[in-house]
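Here are my notes on this structure, written for someone new to reading models. Have it open beside you and follow the points in turn.

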Amino acid sequence: MPLSEETLRGELGGTGALPWAACRLLQAHRSRMATSHMRDLFAADPARAERFSLQVGDVLLDYSKNRVTDETMALLVRLAEEADVAGWRERMFGGEAINNTEGRAVLHVALRNRGNRPVMVDGEDVMPKVNAVIGKMAAFAEQVRSGARRGYSGERITDVVNIGIGGSDLGPQMAVQALAPYRHPQLKVHFISNIDGAHVKEALESLNPATTLFIVASKTFTTQETMTNAHHARSWFLAQAQDDRHIAGHFVAVSTNREAVTAFGIDPANMFEFWDWVGGRYSLWSAIGLSIMLAVGAERFDDLLDGAHAMDAHFRDAPLDRNMPVILALLGVWYNNFFDAESQAILPYDHALRSLPAYLQQADMESNGKSVARDGRAVDYATGPIVWGATGINGQHAFFQLLHQGTRLIPADFIVSVEPHDDLQDHHDLLLANFLAQTEALMRGRTREETQSQTSQFVQHKVFDGNRPSNAILLQKLTPHALGMLIALYEHKIFVQGVIWKLNSYDQWGVELGKQLARRILPELHADAPVDGHDASTNALINRCRHMSRRTAGK
(Lines give C-alpha, C1' and ligand atoms only; values in the text may rest on other atoms or scores of the structure.)
Protein backbone atom coordinates (compact mmCIF):
# COMPACT_ATOMS: atom_id res chain seq x y z
CA MET A 1 0.00 0.00 0.00
CA PRO A 2 1.15 3.59 -0.55
CA LEU A 3 2.27 5.41 2.54
CA SER A 4 -0.64 6.96 4.43
CA GLU A 5 -0.72 10.71 4.75
CA GLU A 6 -0.40 10.33 8.50
CA THR A 7 2.69 8.18 8.16
CA LEU A 8 4.22 10.56 5.66
CA ARG A 9 3.85 13.47 8.01
CA GLY A 10 5.78 11.68 10.72
CA GLU A 11 6.82 13.25 13.97
CA LEU A 12 8.51 16.22 12.32
CA GLY A 13 5.39 17.55 10.62
CA GLY A 14 5.00 18.57 6.98
CA THR A 15 3.81 16.59 4.00
CA GLY A 16 6.37 13.81 4.21
CA ALA A 17 7.12 13.99 0.48
CA LEU A 18 10.61 14.30 -0.90
CA PRO A 19 11.14 17.83 -2.24
CA TRP A 20 11.31 16.91 -5.93
CA ALA A 21 8.63 17.11 -8.62
CA ALA A 22 9.39 13.55 -9.76
CA CYS A 23 8.17 12.26 -6.41
CA ARG A 24 4.55 13.08 -7.23
CA LEU A 25 4.88 10.99 -10.38
CA LEU A 26 6.62 8.23 -8.44
CA GLN A 27 3.87 8.18 -5.82
CA ALA A 28 1.21 7.82 -8.52
CA HIS A 29 3.30 5.13 -10.19
CA ARG A 30 3.67 3.36 -6.84
CA SER A 31 -0.13 3.23 -6.56
CA ARG A 32 -0.39 1.66 -10.02
CA MET A 33 2.32 -0.88 -9.07
CA ALA A 34 0.49 -1.93 -5.88
CA THR A 35 -0.94 -5.08 -7.46
CA SER A 36 2.09 -6.00 -9.58
CA HIS A 37 3.99 -9.13 -8.70
CA MET A 38 7.54 -9.74 -9.86
CA ARG A 39 6.81 -13.26 -11.08
CA ASP A 40 4.31 -11.69 -13.51
CA LEU A 41 6.87 -9.10 -14.62
CA PHE A 42 9.32 -11.89 -15.40
CA ALA A 43 6.67 -13.91 -17.25
CA ALA A 44 5.78 -10.91 -19.40
CA ASP A 45 9.40 -10.00 -20.22
CA PRO A 46 11.83 -12.83 -21.04
CA ALA A 47 14.68 -10.30 -21.40
CA ARG A 48 14.09 -8.71 -18.00
CA ALA A 49 17.18 -10.13 -16.30
CA GLU A 50 19.41 -8.93 -19.11
CA ARG A 51 17.91 -5.45 -19.23
CA PHE A 52 17.98 -4.95 -15.47
CA SER A 53 21.59 -5.95 -14.90
CA LEU A 54 24.89 -4.15 -15.24
CA GLN A 55 28.52 -5.25 -15.17
CA VAL A 56 31.50 -3.09 -14.23
CA GLY A 57 34.79 -4.94 -14.37
CA ASP A 58 34.51 -8.06 -12.24
CA VAL A 59 31.34 -6.86 -10.48
CA LEU A 60 27.91 -7.81 -11.80
CA LEU A 61 24.72 -6.26 -10.43
CA ASP A 62 21.44 -8.04 -11.22
CA TYR A 63 18.60 -5.79 -10.02
CA SER A 64 15.84 -7.50 -11.97
CA LYS A 65 14.31 -8.98 -8.78
CA ASN A 66 12.98 -5.59 -7.73
CA ARG A 67 9.48 -4.13 -7.94
CA VAL A 68 10.41 -1.97 -10.91
CA THR A 69 9.60 -1.52 -14.57
CA ASP A 70 11.18 0.62 -17.25
CA GLU A 71 8.83 3.40 -16.17
CA THR A 72 9.94 3.06 -12.55
CA MET A 73 13.60 3.36 -13.43
CA ALA A 74 12.98 6.29 -15.78
CA LEU A 75 11.15 8.16 -13.02
CA LEU A 76 13.86 7.35 -10.47
CA VAL A 77 16.54 8.62 -12.85
CA ARG A 78 14.47 11.77 -13.31
CA LEU A 79 14.51 12.13 -9.52
CA ALA A 80 18.32 11.89 -9.53
CA GLU A 81 18.48 14.52 -12.26
CA GLU A 82 16.21 16.91 -10.33
CA ALA A 83 18.33 16.44 -7.20
CA ASP A 84 21.39 17.35 -9.32
CA VAL A 85 23.28 14.17 -8.44
CA ALA A 86 25.65 14.82 -11.37
CA GLY A 87 26.40 18.34 -10.16
CA TRP A 88 27.06 17.25 -6.58
CA ARG A 89 29.23 14.43 -7.90
CA GLU A 90 31.43 16.93 -9.70
CA ARG A 91 31.60 19.13 -6.61
CA MET A 92 32.87 16.17 -4.61
CA PHE A 93 35.45 15.08 -7.17
CA GLY A 94 36.46 18.72 -7.66
CA GLY A 95 37.40 19.21 -4.02
CA GLU A 96 34.64 21.63 -3.06
CA ALA A 97 33.78 21.84 0.64
CA ILE A 98 30.55 19.86 0.34
CA ASN A 99 30.81 18.99 4.05
CA ASN A 100 29.30 22.39 4.75
CA THR A 101 28.92 22.16 8.55
CA GLU A 102 32.66 21.55 8.97
CA GLY A 103 33.83 23.50 5.92
CA ARG A 104 35.67 20.52 4.48
CA ALA A 105 36.14 18.85 1.14
CA VAL A 106 35.22 15.17 0.85
CA LEU A 107 38.04 13.49 -1.01
CA HIS A 108 38.46 9.84 -0.13
CA VAL A 109 38.44 9.47 -3.94
CA ALA A 110 41.78 11.33 -4.02
CA LEU A 111 43.35 8.60 -1.89
CA ARG A 112 42.85 6.10 -4.73
CA ASN A 113 43.33 8.54 -7.62
CA ARG A 114 45.48 6.15 -9.59
CA GLY A 115 45.55 8.38 -12.66
CA ASN A 116 47.22 10.98 -10.44
CA ARG A 117 45.30 13.87 -11.96
CA PRO A 118 45.60 17.03 -9.85
CA VAL A 119 43.01 17.27 -7.06
CA MET A 120 42.82 20.79 -5.71
CA VAL A 121 41.86 21.76 -2.16
CA ASP A 122 42.13 25.45 -1.29
CA GLY A 123 44.31 25.98 -4.33
CA GLU A 124 46.74 23.14 -3.53
CA ASP A 125 47.11 19.86 -5.37
CA VAL A 126 46.84 17.22 -2.61
CA MET A 127 48.19 14.36 -4.73
CA PRO A 128 51.91 14.84 -3.91
CA LYS A 129 51.12 14.47 -0.18
CA VAL A 130 48.84 11.49 -0.81
CA ASN A 131 51.52 9.74 -2.86
CA ALA A 132 54.19 10.53 -0.27
CA VAL A 133 52.20 8.93 2.55
CA ILE A 134 51.42 5.82 0.49
CA GLY A 135 55.11 5.54 -0.36
CA LYS A 136 56.08 5.91 3.29
CA MET A 137 53.54 3.23 4.27
CA ALA A 138 54.90 0.89 1.58
CA ALA A 139 58.50 1.29 2.75
CA PHE A 140 57.55 0.67 6.38
CA ALA A 141 55.37 -2.34 5.53
CA GLU A 142 58.18 -3.89 3.50
CA GLN A 143 60.60 -3.53 6.43
CA VAL A 144 58.20 -5.34 8.76
CA ARG A 145 57.09 -8.00 6.28
CA SER A 146 60.65 -8.82 5.19
CA GLY A 147 61.92 -9.09 8.76
CA ALA A 148 64.32 -6.18 8.34
CA ARG A 149 62.53 -4.28 11.10
CA ARG A 150 62.72 -6.26 14.30
CA GLY A 151 61.69 -5.92 17.91
CA TYR A 152 63.87 -4.78 20.81
CA SER A 153 65.06 -8.36 21.45
CA GLY A 154 66.17 -8.83 17.86
CA GLU A 155 63.28 -11.16 17.06
CA ARG A 156 61.09 -10.82 14.00
CA ILE A 157 57.74 -9.00 14.32
CA THR A 158 55.04 -11.67 14.23
CA ASP A 159 51.93 -9.75 15.33
CA VAL A 160 50.46 -6.35 14.51
CA VAL A 161 47.79 -4.83 16.76
CA ASN A 162 45.67 -2.00 15.36
CA ILE A 163 44.20 0.14 18.15
CA GLY A 164 41.38 2.37 16.91
CA ILE A 165 37.64 2.74 16.92
CA GLY A 166 34.89 3.46 14.41
CA GLY A 167 36.37 4.09 10.98
CA SER A 168 39.86 3.47 12.35
CA ASP A 169 38.82 -0.10 13.17
CA LEU A 170 35.81 -1.31 11.16
CA GLY A 171 37.22 -0.67 7.68
CA PRO A 172 40.72 -2.08 8.19
CA GLN A 173 39.40 -5.08 10.12
CA MET A 174 36.84 -5.86 7.41
CA ALA A 175 39.47 -5.60 4.66
CA VAL A 176 42.06 -7.72 6.47
CA GLN A 177 39.45 -10.43 7.01
CA ALA A 178 38.25 -10.23 3.42
CA LEU A 179 41.76 -10.56 2.01
CA ALA A 180 42.82 -13.48 4.21
CA PRO A 181 44.18 -15.55 1.27
CA TYR A 182 46.65 -12.74 0.50
CA ARG A 183 47.97 -12.21 4.03
CA HIS A 184 51.60 -12.66 5.03
CA PRO A 185 51.99 -16.21 6.43
CA GLN A 186 54.20 -15.10 9.34
CA LEU A 187 52.34 -11.94 10.33
CA LYS A 188 49.04 -11.93 12.21
CA VAL A 189 46.95 -8.77 12.46
CA HIS A 190 44.71 -8.09 15.46
CA PHE A 191 42.24 -5.29 16.22
CA ILE A 192 41.36 -3.64 19.52
CA SER A 193 38.49 -1.15 19.64
CA ASN A 194 36.13 -1.83 22.52
CA ILE A 195 36.77 0.15 25.72
CA ASP A 196 35.60 -2.90 27.67
CA GLY A 197 38.80 -4.07 29.33
CA ALA A 198 37.96 -7.65 28.43
CA HIS A 199 38.68 -6.87 24.78
CA VAL A 200 42.20 -5.51 25.24
CA LYS A 201 43.11 -8.22 27.78
CA GLU A 202 41.87 -10.99 25.51
CA ALA A 203 43.72 -9.57 22.50
CA LEU A 204 47.04 -9.25 24.33
CA GLU A 205 47.09 -12.39 26.47
CA SER A 206 48.46 -14.65 23.73
CA LEU A 207 51.00 -12.14 22.33
CA ASN A 208 54.69 -11.65 23.00
CA PRO A 209 55.65 -8.00 23.62
CA ALA A 210 59.05 -8.58 22.01
CA THR A 211 57.47 -9.54 18.68
CA THR A 212 54.41 -7.26 18.64
CA LEU A 213 53.96 -4.01 16.74
CA PHE A 214 51.18 -1.58 17.68
CA ILE A 215 49.42 0.89 15.40
CA VAL A 216 47.64 3.64 17.35
CA ALA A 217 45.08 5.10 14.95
CA SER A 218 43.66 8.42 16.12
CA LYS A 219 43.72 11.60 14.07
CA THR A 220 43.85 13.84 17.13
CA PHE A 221 45.59 11.30 19.39
CA THR A 222 43.00 12.22 22.00
CA THR A 223 40.16 9.78 21.18
CA GLN A 224 39.22 8.58 24.65
CA GLU A 225 38.56 4.91 23.87
CA THR A 226 41.59 4.54 21.60
CA MET A 227 44.03 6.28 23.91
CA THR A 228 42.81 4.36 26.98
CA ASN A 229 43.52 1.10 25.14
CA ALA A 230 46.81 2.45 23.77
CA HIS A 231 48.08 3.39 27.23
CA HIS A 232 47.12 -0.04 28.55
CA ALA A 233 49.03 -1.64 25.66
CA ARG A 234 51.99 0.61 26.44
CA SER A 235 52.00 -0.48 30.10
CA TRP A 236 51.62 -4.14 29.08
CA PHE A 237 54.59 -3.78 26.73
CA LEU A 238 56.83 -1.99 29.24
CA ALA A 239 56.10 -4.60 31.92
CA GLN A 240 58.41 -6.86 29.90
CA ALA A 241 60.50 -4.44 27.82
CA GLN A 242 61.37 -2.37 30.93
CA ASP A 243 62.79 0.56 28.94
CA ASP A 244 60.77 3.48 27.53
CA ARG A 245 63.22 3.71 24.65
CA HIS A 246 61.82 0.48 23.21
CA ILE A 247 58.41 2.16 22.66
CA ALA A 248 59.74 3.76 19.48
CA GLY A 249 60.47 0.36 17.98
CA HIS A 250 57.10 -1.19 18.75
CA PHE A 251 54.55 1.62 18.42
CA VAL A 252 53.62 3.70 15.38
CA ALA A 253 50.87 6.28 14.98
CA VAL A 254 48.31 7.20 12.35
CA SER A 255 47.67 10.75 13.44
CA THR A 256 48.21 14.46 12.83
CA ASN A 257 49.13 15.40 16.43
CA ARG A 258 52.91 15.29 16.37
CA GLU A 259 53.29 16.66 19.90
CA ALA A 260 51.03 14.04 21.51
CA VAL A 261 52.56 11.23 19.44
CA THR A 262 56.05 12.23 20.58
CA ALA A 263 54.94 12.49 24.21
CA PHE A 264 53.62 8.93 24.02
CA GLY A 265 57.13 7.81 23.04
CA ILE A 266 56.54 7.19 19.32
CA ASP A 267 59.21 8.34 16.89
CA PRO A 268 57.64 11.13 14.77
CA ALA A 269 59.28 9.48 11.76
CA ASN A 270 56.78 6.65 12.32
CA MET A 271 53.74 8.93 12.33
CA PHE A 272 51.59 8.44 9.24
CA GLU A 273 49.47 11.43 8.30
CA PHE A 274 46.00 11.87 6.86
CA TRP A 275 43.86 14.93 6.37
CA ASP A 276 40.62 16.55 7.50
CA TRP A 277 39.06 15.89 4.08
CA VAL A 278 39.21 12.17 4.87
CA GLY A 279 36.18 11.14 6.91
CA GLY A 280 36.80 8.34 9.41
CA ARG A 281 34.31 5.93 7.85
CA TYR A 282 35.88 6.53 4.42
CA SER A 283 39.49 6.29 5.59
CA LEU A 284 40.67 2.73 4.99
CA TRP A 285 42.27 3.98 1.75
CA SER A 286 44.50 6.35 3.75
CA ALA A 287 47.19 5.74 6.38
CA ILE A 288 44.38 4.20 8.44
CA GLY A 289 44.86 1.26 6.07
CA LEU A 290 48.41 0.64 7.31
CA SER A 291 47.28 -2.59 8.97
CA ILE A 292 45.86 -3.72 5.62
CA MET A 293 49.14 -2.98 3.86
CA LEU A 294 51.10 -4.83 6.55
CA ALA A 295 48.80 -7.83 6.12
CA VAL A 296 48.75 -8.07 2.31
CA GLY A 297 51.70 -5.98 1.16
CA ALA A 298 52.01 -2.75 -0.81
CA GLU A 299 51.29 -4.35 -4.19
CA ARG A 300 47.98 -5.85 -3.05
CA PHE A 301 47.08 -2.60 -1.28
CA ASP A 302 47.65 -0.84 -4.61
CA ASP A 303 45.29 -3.38 -6.20
CA LEU A 304 42.67 -2.42 -3.60
CA LEU A 305 43.10 1.25 -4.52
CA ASP A 306 42.98 0.38 -8.24
CA GLY A 307 39.64 -1.37 -7.76
CA ALA A 308 38.15 1.59 -5.94
CA HIS A 309 39.49 3.93 -8.61
CA ALA A 310 37.84 1.81 -11.32
CA MET A 311 34.48 2.20 -9.58
CA ASP A 312 35.16 5.92 -9.09
CA ALA A 313 35.73 6.30 -12.83
CA HIS A 314 32.53 4.42 -13.61
CA PHE A 315 30.54 6.48 -11.11
CA ARG A 316 31.88 9.74 -12.48
CA ASP A 317 31.54 8.96 -16.18
CA ALA A 318 28.61 6.57 -16.68
CA PRO A 319 25.16 7.98 -17.47
CA LEU A 320 22.81 7.90 -14.51
CA ASP A 321 20.62 5.15 -15.97
CA ARG A 322 23.62 2.82 -16.43
CA ASN A 323 25.51 3.82 -13.31
CA MET A 324 25.83 1.06 -10.73
CA PRO A 325 26.05 3.18 -7.54
CA VAL A 326 23.24 5.43 -8.79
CA ILE A 327 20.99 2.45 -9.54
CA LEU A 328 21.59 0.92 -6.09
CA ALA A 329 20.90 4.28 -4.47
CA LEU A 330 17.69 4.88 -6.42
CA LEU A 331 16.34 1.45 -5.60
CA GLY A 332 16.99 2.17 -1.93
CA VAL A 333 15.12 5.47 -2.17
CA TRP A 334 12.25 3.72 -3.98
CA TYR A 335 11.68 1.34 -1.06
CA ASN A 336 12.60 3.74 1.72
CA ASN A 337 10.39 6.61 0.62
CA PHE A 338 7.59 4.94 -1.33
CA PHE A 339 7.17 1.52 0.36
CA ASP A 340 7.90 2.53 3.96
CA ALA A 341 10.80 0.08 4.15
CA GLU A 342 12.76 0.91 7.27
CA SER A 343 15.80 -1.29 6.87
CA GLN A 344 18.24 -2.75 4.35
CA ALA A 345 19.83 -6.19 4.74
CA ILE A 346 23.40 -6.90 3.61
CA LEU A 347 23.89 -10.63 3.05
CA PRO A 348 27.36 -11.72 1.91
CA TYR A 349 27.57 -15.40 1.00
CA ASP A 350 31.25 -15.36 1.80
CA HIS A 351 32.82 -15.99 5.20
CA ALA A 352 35.62 -13.58 4.32
CA LEU A 353 33.04 -10.77 4.09
CA ARG A 354 31.50 -11.50 7.48
CA SER A 355 32.35 -8.02 8.77
CA LEU A 356 30.98 -6.19 5.71
CA PRO A 357 27.48 -5.65 7.23
CA ALA A 358 28.98 -4.01 10.34
CA TYR A 359 31.28 -1.87 8.19
CA LEU A 360 28.38 -0.72 6.03
CA GLN A 361 26.28 -0.01 9.12
CA GLN A 362 28.68 2.74 10.06
CA ALA A 363 29.27 3.94 6.52
CA ASP A 364 25.55 4.30 5.84
CA MET A 365 23.91 5.04 9.19
CA GLU A 366 26.51 7.56 10.36
CA SER A 367 26.33 9.26 6.96
CA ASN A 368 22.58 9.42 6.31
CA GLY A 369 21.02 8.74 9.71
CA LYS A 370 19.95 12.37 9.98
CA SER A 371 16.78 14.44 10.32
CA VAL A 372 18.30 17.82 9.38
CA ALA A 373 18.98 18.85 5.79
CA ARG A 374 22.11 20.63 4.56
CA ASP A 375 20.40 23.99 5.01
CA GLY A 376 19.62 23.28 8.67
CA ARG A 377 15.92 22.63 8.22
CA ALA A 378 14.26 19.59 9.77
CA VAL A 379 13.23 17.06 7.13
CA ASP A 380 9.71 15.63 7.04
CA TYR A 381 10.48 12.49 5.07
CA ALA A 382 12.35 9.26 5.72
CA THR A 383 16.12 9.36 5.31
CA GLY A 384 18.73 6.67 5.98
CA PRO A 385 17.52 3.11 6.60
CA ILE A 386 18.61 0.75 9.35
CA VAL A 387 21.44 -1.30 7.82
CA TRP A 388 21.98 -4.79 9.19
CA GLY A 389 22.89 -8.29 8.10
CA ALA A 390 25.15 -11.30 8.45
CA THR A 391 26.67 -13.97 6.26
CA GLY A 392 23.86 -15.38 4.16
CA ILE A 393 24.12 -19.06 5.04
CA ASN A 394 24.03 -18.31 8.77
CA GLY A 395 21.25 -15.80 8.20
CA GLN A 396 19.11 -18.44 6.52
CA HIS A 397 19.05 -20.34 9.81
CA ALA A 398 18.47 -17.23 11.91
CA PHE A 399 16.37 -14.41 10.45
CA PHE A 400 15.38 -15.30 6.87
CA GLN A 401 11.98 -16.42 8.16
CA LEU A 402 11.14 -12.75 8.69
CA LEU A 403 12.47 -11.81 5.23
CA HIS A 404 10.18 -14.35 3.59
CA GLN A 405 6.99 -14.20 5.67
CA GLY A 406 7.29 -11.25 8.03
CA THR A 407 5.04 -8.21 7.93
CA ARG A 408 7.87 -5.80 7.02
CA LEU A 409 9.31 -5.25 3.57
CA ILE A 410 13.09 -5.58 3.83
CA PRO A 411 15.12 -5.09 0.63
CA ALA A 412 18.26 -7.20 0.64
CA ASP A 413 21.61 -7.19 -1.14
CA PHE A 414 22.99 -10.69 -1.77
CA ILE A 415 26.75 -10.76 -2.44
CA VAL A 416 28.78 -13.76 -3.59
CA SER A 417 32.05 -14.67 -5.29
CA VAL A 418 31.65 -17.09 -8.17
CA GLU A 419 35.22 -18.37 -7.90
CA PRO A 420 36.36 -19.47 -4.41
CA HIS A 421 39.89 -19.26 -3.00
CA ASP A 422 39.81 -22.76 -1.55
CA ASP A 423 39.51 -26.10 -3.35
CA LEU A 424 36.36 -27.24 -1.52
CA GLN A 425 34.18 -27.09 -4.61
CA ASP A 426 31.31 -29.08 -3.10
CA HIS A 427 31.06 -26.52 -0.31
CA HIS A 428 31.10 -23.65 -2.77
CA ASP A 429 28.50 -25.22 -5.05
CA LEU A 430 26.17 -25.59 -2.07
CA LEU A 431 26.86 -21.97 -1.11
CA LEU A 432 26.03 -20.74 -4.63
CA ALA A 433 22.92 -22.89 -4.81
CA ASN A 434 21.61 -21.35 -1.60
CA PHE A 435 22.50 -17.84 -2.76
CA LEU A 436 20.52 -18.32 -5.96
CA ALA A 437 17.64 -20.17 -4.31
CA GLN A 438 17.03 -17.50 -1.70
CA THR A 439 16.76 -14.65 -4.21
CA GLU A 440 14.37 -16.76 -6.30
CA ALA A 441 12.26 -17.69 -3.28
CA LEU A 442 12.01 -14.08 -2.15
CA MET A 443 10.89 -13.04 -5.61
CA ARG A 444 8.56 -15.92 -6.53
CA GLY A 445 7.11 -16.94 -3.23
CA ARG A 446 4.76 -19.94 -3.26
CA THR A 447 1.05 -19.73 -3.97
CA ARG A 448 -1.70 -21.60 -2.16
CA GLU A 449 -2.20 -23.83 -5.19
CA GLU A 450 1.50 -24.66 -5.39
CA THR A 451 1.54 -25.42 -1.68
CA GLN A 452 -1.52 -27.65 -1.83
CA SER A 453 0.11 -29.73 -4.55
CA GLN A 454 2.84 -30.61 -2.06
CA THR A 455 0.95 -30.91 1.23
CA SER A 456 -2.55 -30.91 2.61
CA GLN A 457 -1.74 -29.77 6.16
CA PHE A 458 -1.27 -26.23 7.44
CA VAL A 459 -1.34 -24.92 3.90
CA GLN A 460 -1.64 -21.24 4.75
CA HIS A 461 1.38 -21.43 7.04
CA LYS A 462 3.46 -22.62 4.10
CA VAL A 463 2.35 -19.99 1.59
CA PHE A 464 4.90 -17.33 0.69
CA ASP A 465 3.68 -14.10 -0.88
CA GLY A 466 7.02 -13.48 -2.54
CA ASN A 467 7.46 -10.14 -4.31
CA ARG A 468 10.25 -9.37 -1.84
CA PRO A 469 12.99 -7.30 -3.48
CA SER A 470 16.65 -8.21 -3.66
CA ASN A 471 19.80 -7.28 -5.55
CA ALA A 472 22.35 -9.91 -6.54
CA ILE A 473 25.96 -8.74 -6.64
CA LEU A 474 28.38 -11.24 -8.16
CA LEU A 475 32.15 -10.94 -7.93
CA GLN A 476 34.32 -13.10 -10.16
CA LYS A 477 36.61 -13.67 -7.17
CA LEU A 478 37.20 -11.80 -3.93
CA THR A 479 40.50 -10.19 -4.87
CA PRO A 480 41.89 -6.89 -3.54
CA HIS A 481 40.76 -5.23 -6.78
CA ALA A 482 37.22 -6.61 -6.50
CA LEU A 483 36.99 -5.64 -2.82
CA GLY A 484 38.03 -2.10 -3.71
CA MET A 485 35.29 -1.92 -6.32
CA LEU A 486 32.68 -3.31 -3.93
CA ILE A 487 33.46 -0.86 -1.12
CA ALA A 488 33.54 2.13 -3.48
CA LEU A 489 30.20 1.00 -4.94
CA TYR A 490 28.56 1.35 -1.55
CA GLU A 491 30.37 4.59 -0.72
CA HIS A 492 28.95 6.24 -3.83
CA LYS A 493 25.50 4.74 -3.26
CA ILE A 494 25.46 6.42 0.16
CA PHE A 495 26.55 9.72 -1.40
CA VAL A 496 23.78 9.65 -4.01
CA GLN A 497 21.12 8.92 -1.43
CA GLY A 498 22.39 11.76 0.73
CA VAL A 499 22.09 14.14 -2.22
CA ILE A 500 18.51 13.05 -2.91
CA TRP A 501 17.61 13.41 0.78
CA LYS A 502 19.38 16.83 0.84
CA LEU A 503 21.70 15.70 3.65
CA ASN A 504 25.32 16.40 4.47
CA SER A 505 26.49 12.79 4.52
CA TYR A 506 29.93 13.66 5.87
CA ASP A 507 29.39 15.07 9.36
CA GLN A 508 28.18 13.15 12.42
CA TRP A 509 27.12 15.63 15.07
CA GLY A 510 24.72 13.12 16.61
CA VAL A 511 27.73 11.21 17.94
CA GLU A 512 29.11 14.13 19.92
CA LEU A 513 26.61 14.65 22.75
CA GLY A 514 27.10 11.19 24.21
CA LYS A 515 30.88 11.68 24.17
CA GLN A 516 30.56 15.01 25.98
CA LEU A 517 28.29 13.54 28.63
CA ALA A 518 30.61 10.56 29.11
CA ARG A 519 33.51 12.92 29.82
CA ARG A 520 31.36 14.66 32.44
CA ILE A 521 30.17 11.43 34.05
CA LEU A 522 33.60 9.74 34.21
CA PRO A 523 34.92 11.66 37.27
CA GLU A 524 31.49 11.48 38.91
CA LEU A 525 31.82 7.70 39.15
CA HIS A 526 34.44 8.26 41.83
CA ALA A 527 33.07 11.40 43.48
CA ASP A 528 32.66 11.49 47.26
CA ALA A 529 29.25 13.17 47.32
CA PRO A 530 26.10 11.79 45.69
CA VAL A 531 25.61 12.94 42.10
CA ASP A 532 22.56 15.10 41.40
CA GLY A 533 23.40 17.10 38.26
CA HIS A 534 21.56 14.93 35.75
CA ASP A 535 18.01 13.71 35.28
CA ALA A 536 16.61 11.53 38.05
CA SER A 537 17.28 8.26 36.23
CA THR A 538 20.89 9.06 35.33
CA ASN A 539 21.60 10.38 38.83
CA ALA A 540 20.21 7.20 40.35
CA LEU A 541 22.17 4.95 37.98
CA ILE A 542 25.46 6.77 38.62
CA ASN A 543 24.95 6.59 42.37
CA ARG A 544 23.96 2.93 42.15
CA CYS A 545 27.08 2.12 40.09
CA ARG A 546 29.23 3.95 42.68
CA HIS A 547 27.61 2.04 45.51
CA MET A 548 27.92 -1.34 43.79
CA SER A 549 31.56 -0.67 42.81
CA ARG A 550 32.50 0.18 46.39
CA ARG A 551 30.71 -2.88 47.69
CA THR A 552 32.61 -5.08 45.20
CA ALA A 553 35.92 -3.40 46.09
CA GLY A 554 35.29 -4.05 49.78
CA LYS A 555 34.95 -7.80 49.38
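1. Let's start with a pair of facing residues: Ala253 stands opposite Met271 in E9. Two bridges join strand E8 (residues 251–254) to E9, and these strands run parallel. Strands here are DSSP runs of E with at least two residues, helices are runs of H or I with at least four, and both are numbered from the N terminus. Two strands pair if DSSP finds at least two bridges between them.

2. Before going on, please note that this is a predicted model, in which local features need pLDDT of at least 70 and side-chain atom pairs count only at pLDDT 80 or more, while totals for chains, interfaces and linings use all residues. Residues are numbered from 1 along each chain as its sequence is written, and side-chain values use heavy atoms, with hydrogens and water left out.

3. Now step back to the sheet around E8 and E9. It is an open sheet of five strands in the order E6-E5-E7-E8-E9, paired in parallel. Which strands stand at the edges? They are strand E6 (188–192) and strand E9 (271–272); each has a single partner strand, so one side of each is left without a neighbour in the sheet.

4. Next, have a look at strand E12 (residues 412–419). Six of its eight residues are buried, where buried means under 20% relative accessible area, exposed over 50% and partly exposed in between, with a 1.4 Å probe and protein chains only. Strand E10 (residues 343–348) pairs with E12 in the parallel sense over four bridges, and Ile346 has Asp413 in E12 as its bridge partner. Seven bridges join E12 to strand E13 (residues 470–477), again running parallel; there, Phe414 is partnered by Ala472 in E13.

5. The whole structure holds 21 aromatic pairs, counted when ring centres of Phe, Tyr or Trp (its six-membered ring) lie within 6.5 Å; planes under 30 degrees apart are stacked, over 60 edge-to-face and the rest tilted. Phe52 and Tyr63 have ring centres 5.6 Å apart and planes at 70°, so this pair is edge-to-face. Phe52 lies in the loop between helix H4 (48–51) and strand E1 (53–56), and Tyr63 in the loop between strand E2 (59–62) and helix H5 (70–82), so the pair ties together parts that are eleven residues apart in sequence. Phe52 is buried at 3% relative accessibility, and Tyr63 is buried with a relative accessible area of 3%.

6. Arg30 lies over the face of Phe339, 3.9 Å from the ring centre, and the charged end of Arg89 sits over the ring of Phe315, 5.7 Å from its centre. The test is NZ of Lys or CZ of Arg within 6 Å of the ring centre and within 35 degrees of the ring normal.

7. Pro480 lies in helix H22 (residues 480–500) and counts as buried at 3% relative accessibility.
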